[in-house]
Structures are given as structure tokens and as C-alpha cells.
Amino acid sequence: MKDSSGRQEQKVMFEQSHPKPPTSFVIKMALCACVNSALLGYDTGVLSGALLYLRDAMDLSTQQIEWLTSSMNYIAIPGCFMAGAIADWIGRTRTLFFASLTFLIGALLMAGANDYETLFLGRSLIGIGVGSGLSIDPLYIAEISPPEFRGKLTSYSETAINVGILAGYLSNVAFMWLPSEYNWRVMLAMGAVPPFVMMILTVFVMPDTPRYYLKKGRHEEADRVLLKITHSKEEAKATKEDILASIEQESKISTKEGWMLVLRPNKVIARMLMITLTISALQQLSGVDVILYYAPIIMEKGGITDRLQQLALTAVAGLGKVMVLFIAMHYLDHKSSGRRPLLLFSYLGLALSCTVVAIGFGANSVVVSVLGIIFFCGAFSIGAGPICWLTNSEVLPLSIRARGMTLGCSVNRLSSAFLQTIFLSLTEAITPVGSFMLLTVVNILGLIFIYIYMPETKNKTLEEMYGHFAKIVGITVDAEQGKSQVEMDGKKPELSDGKGQHENSAPQDPVATPGDRESSVTGMDRNHSERGEGELGGRELSISEQRDFESDGKVRDEITF
């Protein structure tokens with residue numbers, strides 16, 4: 001009897017350390033949600049080519065092109081802040097539906113525009129759709145995914161953006177053969193296809209998430225979805241209990257208290273925010289969006305006057321960007337690599353590639369400039385692209401992750417919009433050589449920042465992450481034990497278990513609930529199961545502790561872009 005019990009326990013431990021793959025339903029729904037991310041990618045890619053013909057058709061000035069391009073990102077920022085509240089109010093799929101509808105109307109307005117004002121209005125509507133929808137599809141994926149595979153599945157969104165960019169570039173090449181009076185209209189009108197598909201999917205294919213249904217008291221609908229995303233009735237029941245427990249914990253933290261944790265952080269969280277927000281800004285200040293949007297115009301200034309060559313070379317750069325992204329996804333958690341070395345390599349490559357482009361312009365060498373742009377796209381995808389949002393999701397404590405991600409998204413979009421607003425004018429003022437050398441300086445500064453401040457975060461649990469940053473800022477375990485941000489506001493925190501931490505325990509997220517103090521799984525392959533281990537900090541986990549790892553209490557906050 002004792003041997004039978006021991007074998008049963010070993011079986012449970014084995015199943016938990018070797019989890020079953022996601023159900024086919026989960027994979028299908030994740031792919032459906034990714035169509036929303038492809039909207040932004042297509043818009044980015046197609047506008048780069050359409051701008052060449054728009055400029056000629058409407059006689060647009062450099063400043064008008066800059067504001068038309070950047071307006072989407074400025075307007076997307078309020079959408080980033082509103083998206084979470086809207087999704088909690090009307091549901092994830094309905095939010096995606098209305099975001100896609102807004103995007104579709106904006107795309108059709110731009111395609112049918114006869115003046116700059118209508119173009120700008122359409123672009124603004126696209127910005128609202130992007131801002132409100134882009135943060136919801138990773139949330140949707142996270143809330144239907146098993147914890148062991150949540151990181152990989154949410155990374156589909158980043159991949160979808162890059163595939164959308166490539167599709168936009170290829171669309172430019174396909175429709176450039178039409179008469180120039182309306183080829184740009186066809187390019188932009190094709191941007192209405194993905195949001196239309198997304199609307200159909202949200203109405204007829206995609207159910208809402210169990211978390212949303214349970215928050216609204218719709219238990220029967222939640223049960224139906226839970227049976228589809230789990231492998232058994234027992235697993236569905238356990239998952240439901242975990243979600244209900246996490247919803248109860250979330251209700252204890254008011255919105256005001258949650259934002260105070262961000263606005264008045266302790267030293268550890270302040271260092272975390274400093275790193276994540278700076279990384280978010282550096283990603284766009286590297287120059288990636290201006291190159292993606294303005295690549296054909298940049299090539300034109302470099303001496304390539306043939307439209308086919310401009311658009312075809314841009315498509316080649318987009319293809320390289322997608323291919324390198326898949327390489328990065330493999331090495332993010334590879335034992336011989338990690339986040340920090342890939343970021344260092346990426347920003348070094350970005351600085352070198354901007355220098356190569358500047359040299360090409362200076363020497364009037366089209367080949368050198370184009371090679372520099374292609375090299376830039378590859379260097380971005382190997383680190384700066386995917387690791388930005390991965391860093392936000394795994395460094396920030398669960399107690400502030402959703403709000404920290406909102407700030408990170410806003411800083412990222414604002415940085416992108418700022419550079420898009422000034423880049424072409426800057427190029428005219430200080431020449432292409434000067435503008436790309438300026439980008440070189442920015443990327444060198446980014447490289448220095450990462451070298452000094454960015455620690456390696458691969459394979460670290462949330463408890464280890466917080467303790468690691470506590471050591472970085474010089475806070476000892478004793479000095480940080482038992483404190484919370486609520487306590488800093490003059491309130492004494494309630495300890496969930498009625499006890500303080502053990503003397504030798506690591507510092508933890510100051511306001512995390514027991515269900516929150518677990519391994520972060522938002523990164524690629526980033527949890528104990530995907531590492532093939534059932535241990536935490538060199539200590540074997542008990543069965544109950546491993547069950548805690550599967551709590552869905554972390555899902556809501558694990559959003560990536």
C-alpha cells in the first residue's frame with residue numbers, strides 16, 4: 001500500500017514536471033487572437049510604400065508625412081490606458097471586436113480620402129483601434145493558456161506583428177503595378193481585410209475567457225470554456241478554483257492603491273521600473289519604426305529611384321526581420337545565452353548598422369546603405385524587439401505588472417511617435433549621414449545602459465527576481481522583510497499567513513499574495529516545467545507547491561506586446 005502511494009506521488013510529480021501540451025482549442029484561439037496583432041504589422045508595412053504615392057498624389061510636405069505617420073502612436077496611448085478597464089467591462093472578445101471595427105473604418109477612410117484631413121482622421125481611428133486592441137490579444141491568450149506554455153503562446157503576438165509587417169511590404173510590391181492614381185488606395189484598403197476577419201472570429205469563433213466569465217458570475221459559460229482548454233474535468237475544476245481565488249485576491253487591492261505602488265515605489269521596484277521603462281523607450285529610440293515606415297523614402301534619398309527596387313529591398317529587410325526573430329525565440333532561454341547577452345549583441349549591432357547606413361550615404365554607395373538597413377532589421381529582432389516586452393513581463397512584480405506594462409507601452413509608443421515626427425525633417429536639416437550617426441549615438445547609449453544596469457533574468461523565479469534586485473540596490477534581507485508599499489503610506493500590511501518571513505528567506509514582492517509568489521512564466525520557456533525541473537532555488541517542490549505554480553492568479557498581469 002505504501003509502495004502504491006509512493007508510485008502514485010511519483011506519477012503526479014512526473015506529470016507536473018512533464019506537462020501535457022496545450023489543447024488544440026487553445027492553440028486555435030491563440031492563433032485567432034494573433035490576427036489582431038497582425039493589424040498593426042500590416043499597417044506599418046503597407047504605409048511605408050503607400051507614402052511614396054500619397055506624397056505625389058496629394059503633394060504632401062515632409063511635415064505632413066511625419067504627422068500622418070506618427071499620429072497613430074500619439075492617439076494609441078490613451079487606448080493603452082483604457083483597454084484594460086474596457087475589457088473588464090464588456091469582455092475581451094467584444095473589446096477586440098470594437099477595436100477591429102474602429103481599425104476597419106479608419107483603413108477605409110484613408111483608402112477613400114481625397115484630402116489630408118480625411119487621411120488624418122482615418123489614421124487617428126486606426127490609432128484608437130491599435131491602442132485598445134494591441135494589449136488585449138496577449139491578455140486573451142494568457143488567460144486561456146496553461147501556465148507551462150503561456151510564455152510561448154503569448155509570444156505569438158510579437159511574431160504576428162512581424163508577419164504583418166512583411167505582408168504589408170509584399171502588398172506594396174503586388175499593387176505598385178496599378179496606376180499611381182489609385183494603387184495607394186488599394187494598398188490601404190487591403191488593411192481592412194484583417195480587422196474584418198478579426199471581427200468574424202470574435203463573434204462566431206472565439207469565446208471569452210474563463211476569468212472574465214467568472215468575474216461576471218457566468219459560471220456555466222466559464223465551465224464550457226474550461227473543459228476545452230484543459231485535459232480533464234478534474235483539471236478544469238482545479239483551474240476554476242484557482243481563478244476564483246485570484247479574483248478574490250485582486251478585489252482586495254483598489255485601483256488607487258495599485259497605482260500608488262507604481263508612483264511611490266520602494267527602492268527595489270523603483271530600480272525595476274527604471275530598467276523596464278528605459279528599455280521600452282530605447283527600443284523605439286533605436287530608430288526601428290522610422291526605418292520600417294520610411295525605408296523606401298530613405299532609399300530614395302540614398303539614390304535608389306526605381307520604385308520596384310525600393311519596395312522589393314524593403315520587403316527583403318522585412319523577411320530578414322521575421323527570420324531572425326525565430327532565431328531569437330530559440331536562444332532567449334538557451335543555456336548558453338540569455339536576455340542580457342542578446343540585448344548587448346542587439347544594441348551593438350544596431351549601432352554598427354546605423355553607422356554603416358551613414359557611411360553608405362556619405363560615400364554615395366546604395367549597396368552599403370541598403371545592407372546597413374537589412375542588418376539593422378536583423379539586429380533589432382535578435383534582442384531589442386522581443387526582449388523589451390519580455391523584460392517588462394518577467395521583471396515587474398505581479399502586484400504592479402499590469403500598470404507597469406501600461407506605462408511601458410505608453411513610453412514605447414510615445415518614443416516611437418516622437419522620432420517619427422522629427423526624423424524626416426532632421427534628415428533634411430543635418431543630412432542622412434548626420435541623422436543616422438545620431439541614431440548610432442542613441443544605440444551606443446542604450447548599449448552602455450544595458451551593460452551597467454541590465455541583469456540577467458533568465459530562469460529566475462519571481463522570488464529570486466525580487467531578491468536579486470534587492471541586492472543590486474543594496475538592501476539586505478532583514479531591512480526589507482515584512483515591508484510593503486502600503487506600509488510606506490502609513491498602513492500596516494496584512495500578512496496572508498499571519499507570520500513574517502523566515503530569517504533566511506529571500507526578499508519578496510512587497511504586496512504579492514501567496515498565489516502571486518510563484519514562477520513567472522511570461523517569458524519564452526520560462527518556468528520550472530519547461531526547464532524540465534520541479535525545483536525552486538535548489539529545493540524540491542512539494543505537490544501542493546507545484547499546484548500553486550499552476551494558479552491562474554497571475555494571468556491578468558502577464559501581458560506582453
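Contact here means heavy atoms within 4.5 Å. The model is predicted, so local features need pLDDT of at least 70 and side-chain atom pairs count only at pLDDT 80 or more, whereas totals for chains, interfaces and linings use all residues. Residues are numbered from 1 along each chain as its sequence is written, and side-chain values use heavy atoms, with hydrogens and water left out.

**Start: Asn162**

Select Asn162, which lies in helix 8 (residues 156–175). Helices (H or I, at least four residues) and strands (E, at least two) are DSSP runs, numbered from the N terminus. Asn162 has 2% relative accessibility and counts as buried. Buried means under 20% relative accessible area, exposed over 50%, and partly exposed in between (1.4 Å probe, protein chains only).

**Whole chain**

Zoom out. The protein chain has 24 helices and two strands. Of its 561 residues, 57% are buried. Among contacts with a separation of 6 or more, 82% join residues 24 or more positions apart. The accessible surface is about 22800 Å², with 62% of it belonging to carbon and sulfur atoms. Accessible areas come from the Shrake-Rupley method with a 1.4 Å probe; for residues, only the protein chains shown count as cover.

**Cys32**

Next, select Cys32 in helix 2 (residues 24–58). Cys32 is buried, at 13% relative accessibility. Leaving out residues up to four places away in sequence, Cys32 touches Met198, Leu201, Val205 and Met206. Draw a C-alpha to C-alpha distance from Cys32 to Thr202: it reads 8.5 Å, across 170 residues of sequence.

**Aromatic rings**

The structure holds seven aromatic pairs. Rings of Phe, Tyr and Trp (its six-membered ring) pair if their centres lie within 6.5 Å; planes under 30 degrees apart count as stacked, over 60 as edge-to-face and the rest as tilted. One of the pairs is Phe97 and Phe98, edge-to-face at 5.3 Å centre to centre and 85° between the planes. Phe97 is partly exposed at 22% relative accessible area, and Phe98 is partly exposed at 46%.

Move to Tyr116 and Phe120, a tilted pair with 6.2 Å between centres and 45° between planes. The two are four residues apart in helix 5 (residues 116–133), so about one helical turn separates them. Tyr116 is buried at 16%, while Phe120 is partly exposed at 30%.

Then select Phe361, Phe423 and Phe436, which ring pairs link into a cluster.

For a charge over a ring, show Arg307 with Tyr53: the charged end of Arg307 sits over the ring of Tyr53, 4.9 Å from its centre. The criterion is NZ of Lys or CZ of Arg within 6 Å of the ring centre and within 35 degrees of the ring normal.

**Helix 20**

Finish on helix 20 (residues 401–453), where Ile448 is found. Thr440 lies in helix 20 too and is buried at 5% relative accessibility. Neighbours within four places in sequence aside, Thr440 is in contact with Ala351, Cys354 and Thr355.

Ile448 is partly exposed, at 42% relative accessibility. Select Ile448 together with Ile430, Leu438, Val441, Ile444, Leu445, Tyr451, Ile452 and Tyr453 to see a nonpolar surface patch of about 840 Å². Patches are made of residues with over 30% relative accessible area and no salt bridge: like charges are joined within 9 Å, nonpolar side chains (Val, Leu, Ile, Met, Phe, Trp, Tyr) within 5 Å. A salt bridge is a side-chain nitrogen of Lys or Arg within 4 Å of a carboxyl oxygen of Asp or Glu.
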